[in-house]
Amino acid sequence: MHKVQERVRPAPAAASRVPVRVFSGIQPTGVVHLGNYVGALRQWAQLQREHESYFCIVDLHAITTPYDPAQFPQQVLEAAAVNVAAGIDPQQSVLFIQSHVAEHTELMWLLNVLTPLGQLERMTQFKEKSRHVRAGIMAGLLNYPVLQAADVLLYKAALVPVGEDQVQHVELMRDIAERFNKQFGETFPLPGVRLTKGARILALNDPTAKMSKSVPGSYIALVDDPETIRKKVRAAVTDPGPPAKGSKLDEATPGVANLFTLLDVFAPVRHPEFADAYQAGTIRYSDLKQVLAEAIVQTFAPVRDKYASLMQRPDEVRALLAHGADRARPVAAATMEEVRGRMGLRGAP
Ligand code: AQP
């Protein structure tokens, strides 16, 4: 444990980075998939080089859907290891577990009093997730975006790199921050979303929906073995045959468009030749899939190796996370001190 902490470099001096803080999170709800990687993790790994960045394993969000408490600590550890394996440098970024910094829940409560119920009820993700709930919808599912607002505002982050499904939640946190500033005085920068190419990767087996860990067959996991990746890409839904000559790529069906988006991310140099073949009506989707599958296999091979190696040293991962929480706590505590003061909650009169 100590060894790891000794190897941790201090965060680069603030002056060497653009002074905008980044915050984003990922749920430890099982598989981390290619959609998470393209929409979120990939841009986190880039942003951490330019900005002071906070990346969080959001265990308190994850418990809003059914879970097994006995398995949960292992899932949290695995999610952290996948993040590190996929390029989050826990020395450069602050990587930590949400529940290890108690201020997240305190700020959430305070922000709750500034959040209109109607706005929460209109959130698309809430409406979608509540459709699948059989035994009564819990308040935690409704208040999920308020906790997200607390996550981001606690660190006064202004840049939130996420996938497209989270845009509405970032807009809500912006509204909450604005309301707070108006009512209690200028405190929070207004957070803005940062989307990347591939902000909405579609399900391989049903390109009318997004790639999602809760839909088997829809995703490729970052730690899938090469043969599984090839098999899943081969099975991806496309069209029965090539399009008519002169067809436009931006009018392609969702399944085909999704594969082109992935090609652009994983093998950009091969994109033009397949785009030309599409427009010429000569494209063979099996060729495109083969090129794409190999590019994904190559990209994920080091992730898979690093993940396996990290999981052999779980204490080291735990130590990295403990160190991350130690770095996050003073920042969170300072914000809470300010917020309590502004809200008239600092001690007896
Ligand atoms: N399909 C996707 N394309 C692009 N980005 C995506 N993200 C999720 N799915 C896609 C982004 O990944 C980050 C972490 O998301 P999360 O922890 O909230 O994961 P999730 O949304 O719970 O993942 P699933 O697979 O969609 O879960 P279920 O099946 O439970 O609904 C976020 O930035 C998210 O936008």
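Predicted model: local features only at pLDDT ≥ 70, side-chain atom pairs only at ≥ 80, totals over all residues.
Biologist: Okay, helix 2: how far apart are its end C-alpha atoms?

Modeller: Helices here are DSSP runs of H or I with at least four residues, strands are runs of E with at least two, and both are numbered from the N terminus. The expected span of a helix is 1.5 Å times one less than its number of residues. Helix 2 covers residues 34-47, which is 14 residues, so it should span 20 Å. That agrees with the distance between its end C-alpha atoms, 19 Å.

Biologist: How many residues of helix 2 are buried?

Modeller: Buried means under 20% relative accessible area, exposed means over 50%, and partly exposed is in between, using a 1.4 Å probe and protein chains only. Helix 2 is largely enclosed by the rest of the structure, because the buried count out of its 14 residues is 13.

Biologist: Now the ligand: which element gives the largest share of the shell around it?

Modeller: A residue is near a molecule if one of its heavy atoms lies within 4 Å of it. There are 22 residues around the ligand, and the closest are D165, K210, S212, K213 and S214. The largest share, 4 residues, comes from helix 2.

Biologist: How much of the ligand's exposed area does the protein bury?

Modeller: Let's begin with some polar contacts, meaning pairs of N or O atoms within 3.5 Å; within protein, one must be able to donate a hydrogen and the other to accept it, and residues adjacent in sequence count only if both atoms are side-chain atoms. An oxygen atom of the ligand sits 2.7 Å from a polar backbone atom of Q27, and a ligand nitrogen atom is 2.9 Å from a polar backbone atom of I201. Accessible areas come from the Shrake-Rupley method with a 1.4 Å probe, and for residues only the protein chains shown count as cover. Taken alone the ligand exposes 650 Å², and the share buried by the protein is 93%.

Biologist: In strand 3, which residue is the bridge partner of Y54?

Modeller: Two strands pair if DSSP finds at least two bridges between them. Strand 2 (residues 51-57) and strand 3 run parallel and are joined by 4 bridges. For Y54, the partner in strand 3 is V94.

Biologist: Which residues of strand 3 point the other way from V94 and F96?

Modeller: In a regular strand the side chains alternate between the two faces of the sheet. Strand 3 covers residues 94-97, and all of them are buried. V94 and F96 point one way, and the other way point L95 and I97.

Biologist: Which side chain does the side chain of S93 make a polar contact with?

Modeller: S93 is in the loop between helix 4 (72-85) and strand 3. S93 counts as buried, because its relative accessibility is 0%. At 2.6 Å, its side chain makes a polar contact with the side chain of Q48.

Biologist: Is P73 buried or exposed?

Modeller: P73 is in helix 4. That helix is largely enclosed by the rest of the structure, because 10 of its 14 residues are buried, including F72, V76 and L77. P73 has 52% relative accessibility, so P73 counts as exposed.

Biologist: What is the phi of K156?

Modeller: Most residues other than glycine have a negative phi. K156 is in the loop between helix 8 (139-154) and strand 4 (159-161), and its 24% relative accessibility is why K156 counts as partly exposed. K156 is a residue other than glycine with a positive phi, near 50°.

Biologist: Last one: what separates the C-alpha atoms of L154 and F23?

Modeller: L154 lies in helix 8 and is buried, with a relative accessible area of 0%. L154 and F23 are 131 residues apart along the chain, and their C-alpha atoms are separated by 9.7 Å.

Notes:
Residues numbered from 1 in each chain as written. Heavy atoms only, no water.
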